[in-house]
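Hi there,

Have a look at it first, then read on whenever you have a moment.

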Amino acid sequence: MLLPDSLRLQLKAWYDAIASHHIKRDLLNALPFWVGAVVTGLVAVLYAKLFGWAEAGTRAIYHYSPWAFLAVTPLCFLVGWWLVQRYAPYSRGSGIPQVSAAIDLTNPRHRYKVSRLLSLRIILVKILSSLVMVVGGAVIGREGPTIQIAASIFKKINDWLPAWYPKVSRRNMVVTGAAAGLASAFNTPLGGIVFAIEELTKTHFNYFKSALLTGVIIAGLTALNLLGPYLYLGYPPLDHLPIWIIFVVMLVAVLTGFASSGSAEVILWVMRQKARLTGPVQRALYPVACGLLIAGMGVAFGEQVFGSGKEIMVRTLFTPDKHVAWYLPLLRIIGPIISFTSGAAGGVFAPALSAGASIGALLAEWMYLPDTATNLLVLCGMTGFLTGITRSPFTSSILVIEMTNSHNIIFYLMLTALLANLVSNLVTRHSFYDQLKVQYIQEIHRTEEQAGA
């Protein structure tokens with residue numbers, strides 16, 4: 001009903017001309033995934049452009065007057081939080097736990113609750129809230145939000161299928177949408193596929209491998225044709241590495257594993273304390289206080305406090321200036337804690353990568369390592385820190401490999417991911433995203449019970 005009659009008739013004529021019944025059935029089953037993948041690629045590119053412009057706005061404000069952030073940042077944090085609270089409470093934070101919760105709820109008993117987590121309203125509020133936060137200098141990323149946005153697109157397309165259409169698994173649609181979103185955000189198709197298998201679903205890969213592969217490929221190609229061939233970061237030089245560097249890599253893995261899992265536990269603790277704020281004034285003052293803290297850090301330590309931290313990764317990997325201040329890793333850990341707990345939209349993927357990069361660069365500087373060895377430690381730091389947050393070692397290592405085309409150090413990255421994951425399990429057995437997923441599911445059930453009462 002959304003297509004003009006002439007186009008519908010033409011499509012029907014083409015479809016009727018296909019002789020094979022099996023081809024017709026497979027085509028109908030694949031079509032929703034293809035449409036969702038194209039739309040996801042377009043939206044992901046638009047969101048990436050808007051996010052980049054917002055970060056440019058942050059730099060422009062800072063260069064105009066760093067002190068302006070003392071007014072701009074609290075206001076942006078308040079507006080970002082208000083958009084979420086007023087229009088879509090489940091659009092807050094990263095988006096990955098919401099997608100995981102939606103996958104768990106896609107069963108006959110609870111499937112109607114999925115619309116609270118994935119919807120067109122979620123998409124709009126997620127984009128607006130995160131962009132407002134970025135302008136204010138929040139330490140957030142767009143990758144997690146892109147995953148929730150993409151899953152919402154696929155879920156909505158599934159909802160729009162007419163009654164006569166062959167049944168398409170909503171669960172597979174959501175999983176494929178999330179994978180396509182990650183692939184579009186990072187230009188990492190393998191990372192998207194591994195993420196879907198390792199992080200989002202326990203279903204055997206054989207049940208939805210075709211849909212997943214085609215969804216990721218089409219979404220990635222759509223983004224690639226609009227943005228051109230690119231790597232998320234680039235090609236860092238990684239030659240002439242000494243044999244003994246493996247011991248330093250192991251040290252980086254241990255440090256980033258403890259730091260990332262520890263910061264995740266701090267976020268969860270702060271959120272539990274924040275839940276005690278019951279009055280509307282108290283809840284509104286909290287994001288304002290978060291904004292003032294981020295602004296104060298920016299005034300005191302410079303613009304490296306703000307944003308996703310991609311410029312830190314680029315500078316330490318591709319320029320001779322690999323120096324990082326001893327306090328930069330602390331700032332890149334504290335910033336996401338403050339920004340994420342504000343209650344507005346924004347992810348931790350990119351901030352986790354920049355925090356790990358700063359740890360690797362700092363350790364390399366203290367050990368007076370050459371540039372290529374520094375690049376290795378930066379990439380290992382990114383892998384280890386992201387693994388500690390996600391508890392998805394394969395996804396983390398594959399993402400970093402694809403972002404930098406650094407296949408020659410794949411064993412170093414996988415070793416880092418493995419050790420960081422083991423160390424993180426010593427801090428807590430449950431991943432950051434899993435704990436948030438459980439909270440979202442409990443919140444939805446509690447809300448439904450209260451509404452029923």
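Helix 6, which covers residues 143–160, is 18 residues long and spans 26 Å from its first C-alpha to its last, close to the 26 Å expected at 1.5 Å a residue. Please keep in mind throughout that this is a predicted model. Most of helix 6 is covered, with 15 of its 18 residues buried.

Moving on from there, P166 sits in the loop between helix 6 and helix 7 (170–186). P166 counts as partly exposed because its relative accessibility is 26%, which falls between the 20% and 50% cut-offs. What does P166 touch, once residues up to four places away in sequence are set aside? The partners are L28 and N29.

Which of them provides the largest share of the lining? That is helix 18, with six residues. Sorted by class, the lining of the pocket is made up of eight nonpolar, six polar and six charged residues.

**A buried serine**

S129 belongs to helix 5 (residues 120–135). Is S129 buried or exposed? S129 is buried, because its relative accessible area is 0%. Apart from its neighbours within four places in sequence, S129 is in contact with G80, L83, V84, A344 and A345.

**Cysteines**

How many disulfides does a search of the whole structure find? The search finds zero. Take C290 as a case: the closest cysteine sulfur to its own is in C76, 14 Å away, so the two are too far apart for a bond; a disulfide would need the sulfur atoms within 2.5 Å. C290 is also buried, because its relative accessibility is 4%, under the 20% cut-off. C380 likewise counts as buried, at 0% relative accessibility.

**Two positive phi values in loops**

If you check the backbone angles, here are two residues to look up. Y368 has a phi near 55°, a positive value in a residue other than glycine. Y368 lies in the loop between helix 14 (349–366) and helix 15 (371–390). Why does Y368 count as exposed? Its relative accessibility is 76%, and the cut-off for exposed is over 50%.

N405 is the second one, and its phi is also near 55°, again positive in a residue other than glycine. N405 is placed in the loop between helix 16 (393–404) and helix 17 (410–427). With a relative accessible area of 36%, N405 is partly exposed.

That's what I have for now.

Best wishes

Notes
Residues numbered from 1 in each chain as written. Predicted model: local features only at pLDDT ≥ 70, side-chain atom pairs only at ≥ 80, totals over all residues. Heavy atoms only, no water. Helix = DSSP H or I, 4+ residues; strand = E, 2+ residues; numbered from the N terminus. Nonpolar A, V, L, I, M, F, W, Y, C, P; charged D, E, K, R; others polar. Expected span 1.5 Å × (residues − 1). Buried < 20%, exposed > 50% of the residue type's maximum accessible area, 1.4 Å probe, protein only. Contact = heavy atoms within 4.5 Å.
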